[in-house]
Amino acid sequence: MAADATPPITDLPTIDLAALDAGDPAELRALRTATHGIGFFYLVGHGDEATADAADELIAAAREFFALPESRKRVIENVRSPHFRGYTTLGGERTQGRVDWREQLDIGAERAATPPDPQRPWRVLDGPNLWPAEVPRLRRAALDWMAGAGAVGMRLLRAWAVSLGAPAGHFDAAFADPDPLLKIVRYPGRDGAASGQGVGGHKDVGALTLLYPEPGTSGLQVEADGRWIDAPPRRGSFIVNIGELLEVATDGYLKATNHKVLPPSEGNDRISLPFFLNPGFDQALPPVALEPALAADARGVGQDSHGGRLHAVYGLNALKSRLRAHPDVARRYHRDLLELPELR
Ligand SMILES: O=C(O)CCC(=O)C(=O)O
Ligand SMILES: [Fe+2]
């Protein structure tokens with residue numbers, strides 16, 4: 001078949017974690033191919049029923065929180081947190097300079113705030129989470145979800161290392177004291193939406209994202225061959241993509257793919273749970289020495305969705321994105337950081 005007759009990609013591949021754990025060469029190859037190509041896949045084989053049940057519990061707690069009066073949700077609004085934790089109100093977030101139509105809770109590692117450090121400006125991201133007093137079960141459900149998704153993510157990272165010809169533990173040290181981020185997101189229906197974007201086109205800034213969208217909803221679209229394809233939820237499956245750090249560590253052999261979310265149809269809404277597995281803020285992923293056959297296909301590191309540089313140190317890459325996405329938090333607490341050229 002001539003190259004230009006290759007059928008367009010219409011669907012995401014499915015990868016089985018149990019087969020990866022068992023070292024199945026065909027599945028390892030499929031993982032590498034999927035993340036070199038489209039950059040997104042469904043993940044099964046991680047105890048899918050238990051994942052579905054845990055998600056039901058967290059989504060129910062999330063719905064209870066989002067149903068609170070706005071004034072109650074604002075008690076934990078992120079403009080009260082220099083660490084970008086807590087509740088982002090509708091219209092409080094931007095992607096590519098345009099307002100996203102979603103509300104969300106941002107939850108990171110539970111840490112004390114650290115003193116300012118000019119050498120490590122990203123340390124402002126350390127700090128306590130803000131939890132809603134009205135929905136006490138949300139804290140337990142969210143922390144359990146982060147622990148479960150984090151463990152799945154580490155198994156995947158080991159499989160990636162092996163699939164690229166590195167030792168299984170290649171990435172482990174960078175994740176000894178990780179800085180994961182869970183967003184609990186609600187997208188309202190398009191009626192009343194201030195913009196046509198649930199969240200605008202972007203790449204994720206960390207190592208790896210395990211997304212669990214509420215079953216029965218729609219909206220996620222993934223860029224493939226210059227077109228947008230739908231990635232509908234499947235109950236019990238994660239939708240996985242890599243972030244910019246793995247693109248940097250593999251010189252672009254693995255690809256951080258652009259994706260976006262369209263607002264749900266009128267009268268509907270959608271909860272989704274993007275979990276971002278990241279190394280510690282001070283860490284960069286160790287580069288992978290690709291064998292020559294793979295290195296020949298490495299594309300080099302691309303740009304972020306603003307045409308800017310991708311940073312290897314996670315904290316710097318994360319801070320750049322937080323300052324852009326949450327300009328009200330940035331203006332209130334971090335005017336000095338907005339001046340730093342690498343954070344523009
Ligand atoms: O909600 C979704 O389906 C995706 C969200 C997302 O891409 C993100 O928050 O980075
Ligand atoms: Fe994303």
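Mentor: Let us begin with terms: on a 1 Å grid over the protein atoms alone, a cavity is a set of points where a 1.4 Å probe fits but cannot get out. A pocket is an open set with protein on both sides within 12 Å along at least five of seven lines, and lining residues have an atom within 4 Å of a point. Grid points are joined across faces, edges and corners, and a volume is the space filled by probe spheres set on the points.

Trainee: What kind of model is this?

Mentor: This is a predicted model, in which local features need pLDDT of at least 70, side-chain atom pairs count only at pLDDT 80 or more, and totals for chains, interfaces and linings use all residues, while side-chain values use heavy atoms, with hydrogens and water left out. Residues are numbered from 1 along each chain as its sequence is written, and chains are lettered from A and ligands numbered from 1 in the order in which they are written.

Trainee: What is the mean pLDDT of the protein?

Mentor: The mean is 93, and 97% of the residues reach 70 or more; pLDDT is the predictor's confidence in each residue, from 0 to 100. The model also scores ipTM 0.99 and pTM 0.96.

Trainee: How many cavities of 30 Å³ or more does a search of the whole structure find?

Mentor: The search finds one. The space in this largest cavity is about 690 Å³. Its lining has 46 residues, and the closest to the centre are Lys-183, His-202, Asp-204, Phe-276 and Ser-321.

Trainee: Which elements give two or more residues to that lining?

Mentor: They are β4 (94-95), β7 (181-187), β8 (199-202), β9 (208-213), β13 (259-261), β14 (270-277) and α8 (314-325). Helix α8 provides the largest share, seven residues. Helices (H or I, at least four residues) and strands (E, at least two) are DSSP runs, numbered from the N terminus.

Trainee: How do the residues of the lining of the largest cavity divide?

Mentor: There are 17 nonpolar, 15 polar and 14 charged residues. Here Ala, Val, Leu, Ile, Met, Phe, Trp, Tyr, Cys and Pro count as nonpolar, Asp, Glu, Lys and Arg as charged, and the others, Gly among them, as polar.

Trainee: Which are the protein donors of the iron ion?

Mentor: The iron ion (ligand 2) has His-202 (NE2), Asp-204 (OD) and His-259 (NE2) as protein donors, at 2.1 to 2.2 Å. Their spacing in sequence is H-x1-D-x54-H. Strand β8 holds His-202 and strand β13 holds His-259, so the pair ties together parts 57 residues apart in sequence. Donors are N, O and S atoms within 2.8 Å of the metal (3.2 Å for Na, K and Ca); water is not among the atoms, so sites may look incomplete.

Trainee: Are His-202 and His-259 buried or exposed?

Mentor: Both are buried. Buried means under 20% relative accessible area, exposed over 50%, and partly exposed in between (1.4 Å probe, protein chains only).

Trainee: Turning to the loops, where does Thr-250 lie?

Mentor: Thr-250 lies in the loop between α6 (244-249) and β13, and is buried, with a relative accessible area of 0%. Leaving aside neighbours within four places in sequence, Thr-250 is in contact with Leu-164, Val-288, Leu-290 and Ala-298. Asp-251 is in the loop between α6 and β13 too, but is partly exposed at 41%.

Trainee: What is phi of Asp-251?

Mentor: Phi of Asp-251 is near 50°, a positive value in a residue other than glycine. Most residues other than glycine have a negative phi. Phe-84 also has a positive phi, near 60°. Phe-84 is found in the loop between α4 (70-73) and β3 (86-88), and counts as buried at 1% relative accessibility.

Trainee: Back to open sites: how much space lies in the largest pocket?

Mentor: About 260 Å³. Of its 17 lining residues, Pro-116, Asp-117, Pro-121, Val-124 and Asp-336 are the closest to the centre. The second largest pocket has a volume of about 170 Å³, and α5 (137-163) gives the largest share of its lining, five residues.

Methods. Contact = heavy atoms within 4.5 Å.
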